[in-house]
Amino acid sequence: MSPKRTALSSFSPHDSHSLVSVLSEDLLLKILDKLDQTSDFKSWRLVSKECLRLESTQRKSLRVFRHDSLPSLLGRYRDLDTLDLSVCPRIDDATVGYVFGLGSVVSGWTRNLRRLVLRRASGLRWVGLEVVVRSCPKLEEIDLSYCVGVGDREASAISCAKGLKDLKLVKCLGVTDFGLAKIAVGCVKLEILSLKWCLEITDLGIGLLAKKCCNLKNLDISYLKVTNESLCSISLLQKLESLTLIACSFVDNEGLHFLRSGNSSLQSIDISRCDNLTSSGLIAVTEGHLGLRQITASYCFPELAAPLVSKFKDLKILNAIKIDGARVSATILHAIGVNCTNLVEIGLSKCEGVTDEGIVGLVPGCGNLEIVDLTCCNSITDMALSAIANSCRSLVCIKLESCGFISEKGLDQLASYCSHLEEIDLTDCSGVNDRGMVCLSRCSGLISLKLGLCLNISDKGLSHIGSSCTKLQELDLYRLYSPILDFPNKFYVLSKDQSAVIEHREFPEWGCTGISDDGLLAVSVGCKKLKKLNVSYCEQIGDRGLKYISTLEELSDLEMRKLLKVTRAGLVAIAAGCKSLTELDMKRCYNISDTGFWALAQYSSNLRQINLSYCPITSTGLCMAMGNLKCLQDAKLVHLTHVSVDGYEVVLRASCDKLKKVKLLGTLKHLLSSELLLILQARGCTIRWIEKDLVLV
């Protein structure tokens with residue numbers, strides 16, 4: 001036996017500590033810098049105490065999933081730059097008061113915190129925010145989007161963060177002009193501000209903001225009921241680079257003319273769904289802002305006019321155009337190709353009039369295109385794909401949903417010439433088959449592949465993807481919903497109170513028999529980096545297929561609706577194997593017993609979103625699952641026929657501290673106690689009531 005082999009054979013895992021101890025700190029830090037996967041960092045922390053210490057001192061960002069782990073985590077990581085609590089339930093004034101108040105005094109972890117994410121922290125109010133601002137002297141960015149309790153008093157607390165540069169208040173419905181005025185006066189260093197869906201803000205607040213926050217570079221006022229007066233104020237912002245005003249229905253061309261005569265720094269504008277704008281208004285913007293890089297005007301104009309396209313030639317650095325929903329012609333597309341030679345992205349989703357002729361005229365002049373969206377451009381054929389492949393060799397993403405004339409010929413061209421392709425959406429492309437998968441398997445860098453409703457793809461096609469596309473992170477195999485089980489072509493509709501059959505219906509025999517457990521074997525063996533998988537309505541998939549999926553350690557999002565062959569064994573395998581799972585949709589999985597759901601409660605500690613609608617779970621099973629899923633925030637619980645009203649009552653009371661969204665049958669609104677509903681509302685939980693008949697298949 002050679003000396004080398006002898007040395008290796010004598011090494012044991014217990015020697016890892018002594019091996020690490022001979023390495024210098026500088027060398028260990030260099031190794032640490034090379035790690036980029038979450039699983040790698042977990043392994044690193046387990047090597048030795050020294051590795052744990054170094055990781056603690058070097059870590060700059062932290063995302064927390066459970067509020068009860070906050071004290072220990074923040075005691076360990078004392079030099080954080082970024083803290084994300086958006087997926088952590090029960091973030092309220094009491095929690096924040098302890099963690100940012102007394103806890104931070106002991107460990108001092110808040111001293112360097114610059115970025116704080118508190119999205120959907122429904123229990124947070126002004127008292128907690130005052131503690132945050134007071135304890136974080138270097139705070140520059142805070143995200144309070146979808147915090148239902150945030151209003152003017154909370155805005156006043158935020159205004160004390162004098163160094164704030166980035167503030168997101170998306171759908172903070174309680175913020176009015178008064179609160180915005182407080183922020184404008186207190187946070188004069190603001191550069192990025194999102195007020196999307198803050199419906200109480202008017203021209204008055206925007207006017208004061210424009211006067212006080214002269215450093216604003218990025219402003220989002222989408223869905224606000226502002227008028228041209230606001231655009232007149234915004235035109236005074238000399239440093240503004242990006243303006244988003246989606247669905248601002250009270251703004252018209254006059255407002256865009258104000259922008260033309262304002263600053264010249266604007267690089268991006270989004271006027272999507274602004275009903276009262278025409279192309280002449282956008283022409284005015286282009287005349288005053290020759291440095292525009294991105295124009296988004298989706299569902300804004302009925303037709304893309306030639307005078308506007310001719311103005312594009314003056315925009316020398318324009319690299320992105322999105323005109324979804326507009327009517328275009330081959331002539332217009334050819335003009336875009338001639339005038340916009342630096343385009344990197346073009347969005348033509350649901351544009352009427354997009355043909356092969358138009359694409360052939362567009363792409364020769366746009367050789368730098370990386371992103372092409374042709375969703376629902378159902379007239380294009382393989383000729384268009386061939387033109388794109390030959391001209392756009394740097395293509396990274398192409399969306400072809402509902403392009404039914406696409407076949408393996410076009411995909412072969414893409415695979416042959418577009419070596420950088422990472423994302424392709426072929427949803428509902430009926431011409432795509434297994435031969436097309438053979439072509440796509442040559443795209444070894446593929447990260448996202450959507451094959452929903454592609455009924456001509458079978459296990460054979462998936463085997464080619466699995467063997468070659470090892471970097472794949474998202475795979476969509478969604479099939480047609482088939483309301484067939486034991487009664488071919490028939491199903492039954494019950495009344496909302498489930499007391500009587502109100503209708504018999506017949507359906508054609510839909511569904512998919514092409515994808516089975518064998519296809520999932522190929523995917524699970526070859527695509528170990530898969531994070532998102534949709535196998536809904538693939539009715540040939542059973543427990544064996546789920547056991548294959550359970551080997552995907554990085555899987556975080558699984559949709560498996562109506563898998564009729566799946567039992568408790570399959571769900572137990574998923575729960576035990578997929579430790580990273582955060583979202584699970586198992587609607588209409590009729591053959592899973594309570595023991596399967598108990599496995600979720602035991603193993604799936606990171607689960608944040610679940611859909612159990614129509615499942616045969618009992619009151620006991622639901623109590624067990626919901627009670628033990630500590631990170632759960634979003635639950636869909638429609639038509640659980642084996643769960644009593646008392647069962648719902650117990651489950652919702654036990655979960656009210658963590659739930660942020662729940663979907664329930666409308667009849668429960670009158671059966672659940674009013675006290676419970678008030679508690680859920682007070683805790684910031686949004687209840688969506690569904691009025692839907694129970695369909696038994």
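1. Two strands count as paired if DSSP finds at least two bridges between them. Strands (E, at least two residues) and helices (H or I, at least four) are DSSP runs, numbered from the N terminus. This is a predicted model: local features need pLDDT of at least 70, side-chain atom pairs count only at pLDDT 80 or more, and totals for chains, interfaces and linings use all residues. Residues are numbered from 1 along each chain as its sequence is written, and side-chain values use heavy atoms, with hydrogens and water left out.

2. Start with strand S25, residues 661–665. Strand S26 (residues 686–690) pairs with S25 in the parallel sense, over five bridges. Within that pairing, Lys-663 stands opposite Arg-688 of S26. S25 also pairs with strand S24 (residues 634–636), again in the parallel sense, over three bridges. Here Asp-634 has Lys-661 of S25 as its bridge partner.

3. Now follow the connections. From S24 the chain crosses through helix H27 (residues 645–655) to S25, a right-handed β-α-β crossover. Right-handed means that, with the strands pointing away from the viewer, the path from the first strand over the helix to the second runs clockwise. S25, helix H28 (residues 674–682) and S26 also make a right-handed β-α-β unit.

4. S25 is mostly covered, with four of its five residues buried. Buried means under 20% relative accessible area, exposed over 50%, and partly exposed in between (1.4 Å probe, protein chains only).

5. Look next at helix H19, residues 408–417. Its buried residues include Glu-408, Gly-410, Leu-411, Leu-414 and Ala-415. Seen down the axis of H19, the buried residues fall within an arc of 155°, so they line one face of the helix. The arc is taken from the directions from the helix axis to the C-beta atoms. Their cover includes helix H18 (382–391), strand S14 (397–399), strand S15 (423–425) and helix H20 (434–440).

6. Asn-611 lies in strand S23 (residues 609–611). Asn-611 is buried, at 5% relative accessible area. Beyond its neighbours within four places in sequence, its contacts (heavy atoms within 4.5 Å) include Arg-561, Leu-584, Asp-585 and Lys-636.

7. Tyr-77 sits in the loop between helix H6 (70–76) and strand S2 (82–84). Its relative accessible area is 1%, so Tyr-77 is buried. Arg-59 is 18 residues away along the chain, yet the two C-alpha atoms are separated by 6.9 Å.
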